[in-house]
Amino acid sequence: MTREPVKSAVRALEILKLFSEERRELNQKEIIGRLGYPQSSATFLLKSMVSSGFLSFDRKTRTYLPAPEVYRLGEWLESFGYEQMFRKGVLTALLDELIAETGETASITTQNDIYVQWHRIAGDDPVACRRVAQGTALPLTWSSYGYMLLSRESDSQIDRVVRLINAREAEPAYKLDVDRTTAALRAARSDDAFYMMNSRLEGVASIAALLPVRVAGRNVAVGIGGDSARVGPRRDEFMRRLTDTISAFKSDLLSNFCEERRLALAA
């Protein structure tokens, strides 16, 4: 059975995400226009976010802005290395190098329960960017990123996750063959990089590999994606460029993630 998210909670977070994209004050009309919410429920939600301290409202300009409390809520996460995914640094430099090497869209992802989530997407390919946006979470079995991340789990966990994904799949045509899928995931453990033409995102193919470091204790998959007509024929070349680029950045990655560097030196 598919579990539906709590609508009001999702909408509150979507409003905060909209501010992160616009980076300016917004009025109610702009918020409703961008997000498509009914006016009555949007009015109630915005008032609730103001009264709870997550938005500030200027009556003179009739505009909203996230309150300082929103900044404080996430500030502590910098100690986990999350800021490296978004600020200019070794991870963004790695993405820039992948784009220069392949001409495709490059991404940073991690596992989020039974999903793979895209945290940073860089590049100008309209096909890839239209299909997957920053913050998107899709089942792990849908992409090469998800395969690389899930393949590193135990056999029992792989089997459990694949069955959960299957149970939540509403379309019979997309139900997985559990035995075949789990076998493919176990086989991917020995792969330095993994290629997949996405059956659920038409016209998109991607190649992913794991970084030699973890962020907040989680594996990180990076890779390139784009039009399958371009990526497919250059599959071997792109796989080699991806793994070579990660190897070239290994020293910088270890030095930027202190815990991982300490563990690597102790090994």
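Modeller: Let's start with the lining of the largest pocket: by class it has 24 nonpolar, 10 polar and 15 charged residues. Keep in mind that this is a predicted model.

Colleague: How many residues line the largest pocket in total, and which lie nearest its centre?

Modeller: The lining has 49 residues. Nearest the centre are Lys17, Ser20, Phe86, Gln117 and Gly135.

Colleague: Which elements give two or more residues to that lining?

Modeller: On the helix side, α1 (7-22), α2 (28-35) and α4 (68-75). The strands are β4 (105-112), β5 (115-122) and β6 (137-139).

Colleague: And where does the largest share come from?

Modeller: From α1, with 8 residues.

Colleague: What volume does the largest pocket have?

Modeller: About 2400 Å³.

Colleague: OK, helices now. At what angle do α1 and α3 cross?

Modeller: At roughly 75 degrees, and their axes come within 11 Å. Angles of 65 to 115 degrees count as roughly perpendicular, so α1 and α3 are roughly perpendicular to each other.

Colleague: Which residues meet there?

Modeller: α1 brings Ser8, Arg11, Ala12, Ile15 and Leu16. They meet Ser41, Leu45, Leu46 and Met49 of α3. By class, that contact has 6 nonpolar, 2 polar and 1 charged.

Colleague: What about α2 against α3, how do their axes sit?

Modeller: The axes of α2 and α3 (residues 39-51) come within 11 Å and cross at roughly 120 degrees. That makes the pair oblique.

Colleague: Left-handed or right-handed crossing for α2 and α3?

Modeller: Right-handed.

Colleague: Which side chains are we talking about, or rather, which residues make the contact?

Modeller: Gln28, Ile31 and Ile32 come from α2. From α3 there are Gln39, Ala42, Thr43 and Leu46. The contact of α2 with α3 divides into 4 nonpolar, 3 polar and no charged residues. Leu46 of α3 also turns up in the contact with α1.

Key. Residues numbered from 1 in each chain as written. Predicted model: local features only at pLDDT ≥ 70, side-chain atom pairs only at ≥ 80, totals over all residues. Heavy atoms only, no water. 1 Å grid on protein atoms, 1.4 Å probe; cavity = no way out; pocket = protein on both sides within 12 Å on 5 of 7 lines; lining within 4 Å. Points joined across faces, edges and corners; volume = space filled by probe spheres on them. Helix = DSSP H or I, 4+ residues; strand = E, 2+ residues; numbered from the N terminus. Nonpolar A, V, L, I, M, F, W, Y, C, P; charged D, E, K, R; others polar. Axes fitted to C-alpha atoms, helices over the stretch in contact; angles between N-to-C directions. Parallel < 35°, antiparallel > 145°, perpendicular 65-115°, else oblique. Left-handed = near helix turned anticlockwise from the far one by under 90°. Contact = heavy atoms within 4.5 Å.
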